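This report goes through selected features of one protein model. Please keep the sequence and the 3D view open while reading.

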Amino acid sequence: MDDKEKERDTKEPLRVGVAVRKRRRALRLTLAAVSARSGLSVPFLSQIENERARPSMRSLERVADALETTAVELLAASDTARTVDLVSAADEQGLDPAPGVRPLVRGHHQLHALEFTGDRDAGREYQHRNDELMYVVSGSCQVEAEGRAYRLECGDALFLSGGVRHRWRAMTEETKLLVVAVGDHIHATSEPPSPEH
């Protein structure tokens, strides 16, 4: 088979390898099975998955059909499949409609991290499925958890295991609080892995 499908998009090549591999593995398909379904060669599919070849939109649609999804879904998943993503301090501050809240991890990942800046009161109680870490970068804040109040100063960190109800508020305008958590869509467990894994 000739691999004319290796055409490159000169504007912005499609980087979807990780998303394609994840989807194929989720369906428990081999590269050969995807090749048979899509009409694209196994070597070309392997190159796509390993980011050594970038498919044209037409080829991506063929891969998506073979994986029982759409090109749009694969492209959306590729945004969250990036393994390296720099969030610069100069990046836009604030999530509409919550100024002073900046995501430090973009996309839908296992890890969530937010930076809260300014004198603010979260105003509500939180309870997350998974563990969370709060770290005060500057200023101070007060956290109520499990019936106790904790005052955190610059450099202090508070760990909250999954299921702990808590609320917090910043104490000063210069307070900068970093909150890092395992995403609620992930089922994290505290059990150690078995020896064979």
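## Basis of the model

The model is predicted: local features need pLDDT of at least 70, side-chain atom pairs count only at pLDDT 80 or more, and totals for chains, interfaces and linings use all residues. Residues are numbered from 1 along each chain as its sequence is written, and side-chain values use heavy atoms, with hydrogens and water left out.

Helices (H or I, at least four residues) and strands (E, at least two) are DSSP runs, numbered from the N terminus. A residue is called buried under 20% relative accessible area, exposed over 50%, and partly exposed in between (1.4 Å probe, protein chains only).

## Salt bridges

How many salt bridges does the structure hold? There are six salt bridges, each defined as a side-chain nitrogen of Lys or Arg within 4 Å of a carboxyl oxygen of Asp or Glu. One of them joins arginine 21 to glutamate 49, with the closest N and O atoms 3.8 Å apart. Arginine 21 belongs to helix H1 and glutamate 49 to helix H3 (residues 42-49), so this pair ties together parts that are 28 residues apart in sequence. Arginine 21 and glutamate 49 are both buried. A network of salt bridges links Arg21, Arg24 and Glu49.

A salt bridge also forms between the side chains of glutamate 115 and arginine 102, at 3.2 Å from N to O. This pair links distant parts of the chain, 13 residues apart: arginine 102 is in strand S1 (residues 101-103) and glutamate 115 in strand S2 (residues 111-117). Arginine 102 counts as buried because its relative accessibility is 8%; glutamate 115 is buried as well, with a relative accessible area of 10%. In another salt bridge, the side chains of glutamate 153 and arginine 151 meet at 2.7 Å, N to O. Here glutamate 153 is partly exposed at 36% relative accessible area, and arginine 151 is partly exposed at 48%.

## Helix H1

Helix H1 spans residues 17-26, and its buried residues are Gly17, Ala19, Val20, Arg21 and Arg24. An α-helix has 3.6 residues a turn, so residues three or four places apart point the same way. After H1 comes arginine 28, which has a positive phi, near 55 degrees.

Where is threonine 69 placed? Threonine 69 is in the loop between helix H4 (57-66) and helix H5 (71-81). Its relative accessible area is 19%, so threonine 69 is buried. Not counting residues up to four places away in sequence, threonine 69 touches Arg23, Ala64 and Leu74, where contact means heavy atoms within 4.5 Å.

Glutamate 144 is part of strand S5 (residues 140-145). With 41% relative accessibility, glutamate 144 counts as partly exposed. Apart from neighbours within four places in sequence, glutamate 144 is in contact with Ala149, Arg165, His166 and Arg167. Glutamate 144 and arginine 167 are 23 residues apart along the chain, and their C-alpha atoms are separated by 5.4 Å.

## A negative patch

Which residues form the negative surface patch? They are Asp119, Asp121, Glu173 and Glu174. Patches are made of residues with over 30% relative accessible area and no salt bridge, with like charges joined within 9 Å and nonpolar side chains (Val, Leu, Ile, Met, Phe, Trp, Tyr) within 5 Å.

Within this patch, glutamate 173 lies in the loop between strand S8 (165-170) and strand S9 (176-182). Glutamate 173 is exposed because its relative accessible area is 66%.

How values were computed
Areas by Shrake-Rupley, 256 points an atom, 1.4 Å probe, with all protein chains shown as cover. Lys, Arg positive; Asp, Glu negative; His and termini not counted. Charge placed at Lys NZ, Arg CZ, Asp CG, Glu CD.
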